[in-house]
Amino acid sequence: RLEAVIFDLDGVITDTAEYHYLAWQALADELGVPFSREKNERLKGVSRMESLDIVLEDSGLGLPEAAKLRLAEQKNDHYREMIGRITPADLLPGIPELLDSLRKGGILVGLASASLNAPVILERLGAAHWFQAAADPASLRKGKPDPEIFLQAAELLGVTPGNCIGVEDAAAGIAAIKAAGMKAVGIGSPAQLGDADLLLPRTVELSVEKLLELLRQ
Ligand code: G16
Ligand code: MG
C-alpha cells in the first residue's frame, strides 16, 4: 500500500537548480576557476560545503576552512537574493495537481531536501501546506547518497519505508531512495538517472496512478 511520497525540492518541486548553478558560476568566475553546466550536474542534491569542494577541486587553491565558509556564505547570499523572487508560478508543471491528488487520496507527503533554504522556498512557493513532514538537513550525519534523509522523512511521517516512493532529479538522490528501501522515481534523463525504478522526463508526467502502479509491481 502506498503510504507516502517523499519529494526532493530542487529540480522536482521547483527549478532552484538553475539559481544554484548561476550562483556557483558567478563565484567560480570571480575566483577564476573553470565551471560548467556539466560540472553543475554533480552538485545536485549535494550539500553546500561539499558543493564548494567540488567547485574548487581543480583550482589548486588550498583554502583554509574559514575562507571556504566565507565563500559558501557569499554564494548563499547571491542565491538567497535570487530565490527571494520565487512565486507560486515557479512550481514545476503538474506539481500542484499531483500534491492535491495525493492529499485527496489520503497519501502523505514528505520533503527530503538537502537545502537549508528549503523552508523559505516552500513558503515563497505557497507549498508548505501540502507537506506533513520535512527532514531537517542540519541534523543529518550523512547527505545523499546516504539514505538517512529519506529515512528521517519516513520516520517523521510515521510510515514504513517499503510503503514509500521517493521522487528525485539527482543520481545521488536516486541512490539514497533505493538504499532507504523505497521505490525511486527519477525526473530527468536516463544518462543521469538510469537506476530509477520509474524514469519520467518531466514533472508533468507524474500522476497518482503511475505512483500506485509502481508500488504494486
Ligand atoms: C539542494 C540542491 C543542491 C544544494 C543543496 C544545499 O538539494 O540540489 O545543489 O547544494 O540543496 O542547498 P543550500 O545551499 O540551499 O543549503 P535538494 O536535495 O533539494 O535537491
Ligand atoms: Mg534535487
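The crossing of helices α1 and α4 is right-handed; a crossing is right-handed if the near helix is turned clockwise from the far one by less than a right angle, and left-handed if anticlockwise. Of the residues in this contact, 10 are nonpolar, three polar and one charged. Nonpolar here covers Ala, Val, Leu, Ile, Met, Phe, Trp, Tyr, Cys and Pro; charged covers Asp, Glu, Lys and Arg; the others, Gly among them, are polar.

This is a predicted model: local features need pLDDT of at least 70, side-chain atom pairs count only at pLDDT 80 or more, and totals for chains, interfaces and linings use all residues. Residues are numbered from 1 along each chain as its sequence is written, while chains are lettered from A and ligands numbered from 1 in the order in which they are written.

**Helix packing**

The α1 side of the contact includes Tyr19, Trp24 and Leu27, and the α4 side includes Leu71, His78 and Met82. Contact means C-beta atoms, placed from the backbone, within 7 Å. Helices (H or I, at least four residues) and strands (E, at least two) are DSSP runs, numbered from the N terminus. Axes are lines fitted to C-alpha atoms, for helices over the stretch in contact, and angles run from 0 to 180 degrees between N-to-C directions.

| Pair | Angle | Axes |
|---|---|---|
| α1 and α4 | roughly 140 degrees | within 9 Å |
| α3 and α4 | about 105 degrees | 10 Å apart |

α3 is therefore roughly perpendicular to α4. Arg48, Met49 and Leu52 of α3 meet Lys68, Leu71, Ala72 and Asn76 of α4. That contact has four nonpolar, one polar and two charged residues. α1 and α4, by contrast, are oblique to each other. The cut-offs are under 35 degrees for roughly parallel, over 145 for roughly antiparallel, 65 to 115 for roughly perpendicular, and oblique for the rest.

**The sheet**

Six strands form an open, parallel sheet in the order β3-β2-β1-β4-β5-β6. β3 (133-134) and β6 (198-200) are the edges; each has a single partner strand, so one side of each lacks a neighbour in the sheet. Strands pair if DSSP finds at least two bridges between them. β4 (164-168) and β5 (183-187) share four bridges. Gly166 sits opposite Ala184 in β5. Helix α7 (148-157) lies across β1, β2, β3 and β4, at about 140 degrees to β2.

**Around ligand 1**

The shell around ligand 1 holds 20 residues, and the closest are Asp10, Ser113, Ala114, Ser115 and Leu116. A residue counts as near if its C-beta atom, placed from the backbone, lies within 6 Å. Seven are nonpolar, nine polar and four charged. α1 (17-31) and α3 (48-56) each supply at least two of the shell residues.

Methods:
Contact = placed C-beta atoms within 7 Å.
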